[in-house]
Each structure stands twice: as structure tokens, then as C-alpha cells.
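User: I am new to reading protein models. Please walk me through this one.

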Amino acid sequence: AKETNKCIDIHEDNACSLYEFTVSNPSDVVQVISLSMTPSTNTYANFHYMLFESSIDELSDTSTPLIESTDPLNKTSITFGDLTKKLITNDSVTYTLVFYIKNSDIDQTESDANKSFAANIKVNSITTGEYVQTTISN
């Protein structure tokens, strides 16, 4: 999965996608950040996510997510709980967001095949918004 940023199931189908993003504070002012996600499109019925504080290369079968969806994603804004992170001067943090189709043990062809999803991920500086920078890779 790490080579292609995809998870492949036993039928050789794409079952998840991984997106890594880094938030950095290049300033000399300490920043406290929060994260949120607002889906703009979701035609899946059983689409879920997990957020990890690590790079894709650091993920393993024993990695524990900071947060994991319990219900399928909808089109409302999602604040990642009370998740905040303090970034000291010239500090950065890397997150990996994993989107996956949850198995419902029934034929999911109609509900979850050939569907689409798009979202905006927002990083807010609770301290001040002038200094935080974000980069996303796929």
C-alpha cells in the first residue's frame, strides 16, 4: 500500500487511499493548530476515514489512529474532535489521512463501486493565522 498510496483487498480492488500532509510553523511565534474537513462530494454509502500523526512510511499494522470515523462520512463539516497540536518555532507535524470503504458483508457494488469523494481540509491556527503552512501529497 505504501508504494502506491492505496490499499488493495483480497480481490485486487482498491479499498482505501492514503493522503499525507505536513503542517509547519516557519515563524518564531508558537502556534496551536486545529484540523477540520468539509466534504463537498460523497457518493459512497460506506466511506470512512482514519487520521494518523505520522507519515505514510511510518504507518504499520499496529499504528493507532488519532481519530477514526464511527459513521459513514456525509457532507457536513468534520472537526477532528478536540485534536489540537502545539507547533513550536520552526516545528512541523505530519499527518496521514486514510479513506476507506467499510465492509458491510453484503454486495456493495451498487452502494460503493465507481463512486466519488472530494473534501477540503482546513488547518487553523488558534494562536494566529499568519504563519502556518501546509503541504499535501498523494
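User: What share of the contacts with a separation of 6 or more is between residues 24 or more positions apart?

Analyst: A contact means heavy atoms within 4.5 Å. Here, 81% of the contacts with a separation of 6 or more come from residues 24 or more positions apart. This is a predicted model, where local features need pLDDT of at least 70 and side-chain atom pairs need 80 or more, while totals for chains, interfaces and linings use all residues. Residues are numbered from 1 along each chain as its sequence is written, and side-chain values use heavy atoms, without hydrogens and water.

User: Is His48 buried or exposed?

Analyst: Buried means under 20% relative accessible area, exposed over 50%, and partly exposed in between, with a 1.4 Å probe and protein chains only. His48 has 2%, so His48 is buried. Beyond four places away in sequence, His48 touches residues including Ser69, Pro72 and Tyr100.

User: How do I read aromatic pairs?

Analyst: A pair of aromatic rings is described by the distance of the centres and the angle of the planes. Rings of Phe, Tyr and Trp (its six-membered ring) pair if their centres lie within 6.5 Å; planes under 30 degrees apart are stacked, over 60 edge-to-face, the rest tilted. This structure holds six aromatic pairs. For Tyr19 and Phe99, the centres are 6.0 Å apart and the planes at 65°, so the pair is edge-to-face. These two residues are 80 apart in the chain.

User: Which aromatic cluster includes Tyr19 and Phe99?

Analyst: Tyr19 and Phe99 form one cluster with Tyr44, Phe47 and Phe117. Phe99 is buried at 7% relative accessibility, whereas Tyr19 is partly exposed at 25%.

Technical notes
Helices (H or I, at least four residues) and strands (E, at least two) are DSSP runs, numbered from the N terminus.
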